[in-house]
Each structure stands twice: as structure tokens, then as C-alpha cells.
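Let's take a walk through this model together, starting with its open spaces and ending with a few backbone details. Keep the viewer open as you read.

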Amino acid sequence: MSRPAPPLTCELLPGADDSPVILHVPHSAREIPAGVRAGILLDDGELERELDLITDAHTAELAEEAARLAAVTPWRFVNRLSRLVVDPERFPDEREEMRAVGMGAVYTRTTHQEVLRAGDGDPEPLVERYFRPYARAMTRAVAGRLAATGRAVIVDVHSYPAVRLPYELHGDGPRPPVCLGTDSFHTPPWLAAAAREAFAECGGTGFDSPFAGTYVPLEFYGIEPRVSALMVEIRRDTYMSEPGGHAGPGLSRLASALARLVDALPG
């Protein structure tokens with residue numbers, strides 16, 4: 001008897017050969033494999049509520065629509081599993097500040113700081129099974145854009161709640177409709193300026209509050225200036241009913257803005 005195929009952990013959706021842009025969508029999915037679900041201590045109702053709060057709902061659709069609208073189709077790298085399996089954007093070691101609230105690469109606490117997994121469990125099997133293959137796949141995707149175009153521009157597509165959740169370490173500051181997360185090495189001024197202009201009609205933008213930074217695979221992080229990156233964090237009440245509800249007309253407006261950003265980036 002053949003074994004069932006393993007779950008699709010992530011997917012690279014091709015764009016134009018001459019596009020350096022990768023729209024990275026790491027937190028849009030709710031899928032949790034059965035073996036991983038067994039290690040989560042929430043009951044089914046509690047888990048559904050946690051997924052409503054922690055999932056960046058509809059961001060995969062947002063990136064898909066932006067790619068359709070863009071004059072030069074960007075590439076898309078989409079996580080097909082929930083961040084409750086592993087969070088591919090965390091550092092897998094002591095560099096990760098979110099470990100302080102039980103949200104390193106493998107979460108042990110919920111958004112409200114309740115127990116998600118046993119704190120004395122070994123995260124390594126999940127890191128080996130899910131985190132490292134994801135990182136290798138994203139590294140290959142970026143290397144492919146460098147080889148094809150001489151540069152790579154990663155645009156991280158996220159969302160965040162209108163009201164601060166207890167797990168947020170830096171949630172006291174502004175919560176603009178669009179928060180742009182930057183990195184001192186990988187976010188050049190032209191990229192930040194292009195994003196601010198592209199999203200100008202979406203209710204206002206701000207930088208690095210309530211979330212800062214952006215994602216670059218570790219092989220390139222801090223050493224490869226040809227890799228540029230920006231995080232786009234969209235406040236959920238601007239396009240959907242919170243928490244975990246349907247998308248509204250704001251999604252189309254934001255997709256158009258994201259497409260404008262893609263079109264403004266140099267090839």
C-alpha cells in the first residue's frame with residue numbers, strides 16, 4: 001500500500017523571467033498536518049480561535065491578485081502550512097527575540113500567552129522536518145532571481161490585528177493601515193520610498209511599528225547587497241472582518257497598491 005503524499009509545505013509560483021521580485025507570503029495558511037496537531041494542547045475550538053488570531057488571512061489572495069495586475073509578473077513564494085507548525089521567519093536559535101514569549105521557530109505559547117505545546121518538548125524534529133526545507137527552498141528562489149536578473153527584491157506580505165494582542169513585544173506604538181518593516185542593510189531608501197508612494201491611497205503608512213524588520217534567507221542576510229527586502233504589514237480591519245472573517249472591498253484596493261509597488265521596482 002502506498003503512503004499518502006506528504007503535505008505541500010511551500011510553493012514557488014513562477015513569474016516573469018526578468019522579474020527580480022518575490023512576493024513572500026509566510027503566514028496565510030491554516031493547514032496543520034495530523035502529526036503536528038497531536039502535539040498541540042488546545043482543543044479543536046480553541047485551535048480554530050487561535051488560527052483566526054494568528055493567521056494573516058487572505059494575504060495569499062492579495063499577492064495573487066497583485067501578481068495578476070502587475071505589468072511584469074512577480075514570483076510568489078507561499079507557505080502552505082500554518083505558522084503554528086513552524087514559523088519560517090523566525091531565527092531558529094537564540095537570536096530570536098520572540099522566544100521570550102514562546103514564539104520562536106516552534107511556538108509553545110498562543111497569542112494570549114496560554115500553553116500551545118509542552119514547554120519541555122524538543123523543537124528539533126519540527127525544525128528539521130519543516131523549517132529547514134522551507135529555508136532551503138526560499139534560498140533557492142532568491143538565488144534563482146540573482147542568477148536570472150542580478151538582483152532579488154523580497155516583499156514580505158503580512159497582516160496584523162487592529163488591536164494589540166498580548167504576545168506583541170513592541171505593540172505600544174502606532175498601528176497604521178500599512179506598516180512597512182525595514183532592515184538597515186537590506187532595505188535601501190528607494191525601496192522604502194516606493195512602498196510609501198504605492199500605498200499612499202490606502203489610509204496611511206508608517207515604518208517599523210508595531211512590527212519591524214523583514215525576511216531574508218540566512219545565506220544572504222547581512223552579506224549580499226543585491227538582495228533587497230521590505231515587509232508590508234496590512235492592518236486587518238482595512239480589508240477584512242476580524243478575527244478570521246471574510247475579505248471585503250479593501251482587498252482589491254490593497255492588491256492594486258501592491259501591484260503599483262511591484263511595477264515601481266527596478267528590474
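The lining of the largest pocket is made up of 19 nonpolar, seven polar and 15 charged residues. Here Ala, Val, Leu, Ile, Met, Phe, Trp, Tyr, Cys and Pro count as nonpolar, Asp, Glu, Lys and Arg as charged, and the others, Gly among them, as polar. This pocket holds about 900 Å³ of space. To find its centre, look for E89, R90, E96, A212 and T214, the closest to that point among the 41 residues of the lining. Helix 4, strand 4 and strand 7 are the elements that give two or more residues to this lining.

The search runs on a 1 Å grid over the protein atoms alone: a pocket is an open set of points with protein on both sides within 12 Å along at least five of seven lines, a cavity is a set of points where a 1.4 Å probe fits but cannot get out, and lining residues have an atom within 4 Å of a point. Grid points are joined across faces, edges and corners, and a volume is the space filled by probe spheres set on the points. Helices (H or I, at least four residues) and strands (E, at least two) are DSSP runs, numbered from the N terminus.

Please bear in mind that this is a predicted model, in which local features need pLDDT of at least 70 and side-chain atom pairs count only at pLDDT 80 or more, while totals for chains, interfaces and linings use all residues. Residues are numbered from 1 along each chain as its sequence is written, and side-chain values use heavy atoms, with hydrogens and water left out.

Next comes the second largest pocket, with about 470 Å³ of space. Its lining has 23 residues, and V106, T108, G121, D122 and P123 lie nearest its centre. Helix 1 (34-37) and helix 4 each supply at least two residues of this lining, and helix 4 gives the most, with four. By type, the lining has ten nonpolar, seven polar and six charged residues.

What about enclosed space? There is one cavity of 30 Å³ or more, and the largest cavity holds about 60 Å³. T9, N79, L81, S82, V85, V86, P88, Y130 and Y134 line it; six of the lining residues are nonpolar, three are polar and none is charged.

Now step back to the whole chain. It has six helices and seven strands, which follow the pattern β-β-α-α-α-β-α-β-β-α-β-β-α along the sequence. The radius of gyration of the protein chain is 18 Å, close to the 18 Å that the globule rule gives for 267 residues, so the chain is as compact as a globular protein of that length. This radius is taken over C-alpha atoms, and the rule is 2.2 Å times the number of residues to the power 0.38. Buried residues (under 20% relative accessible area; exposed is over 50% and partly exposed lies in between, with a 1.4 Å probe and protein chains only) make up 54% of the 267 residues.

E168 sits between strand 4 (152-160) and strand 5 (178-181) and counts as buried at 3% relative accessibility. Leaving aside residues up to four places away in sequence, E168 touches P161, V163, R175, P210 and F211, where contact means heavy atoms within 4.5 Å. D56, in the loop between helix 2 (44-54) and helix 3 (59-69), is buried with a relative accessible area of 1%. With the neighbours up to four places away left out, D56 touches H27, S28, R83, H158, S159, R236 and Y239.

Finally, the backbone. Most residues other than glycine have a negative phi, and most peptide bonds are trans. P210, one of the contacts of E168, is joined to S209 by a cis peptide bond with omega about 10°.
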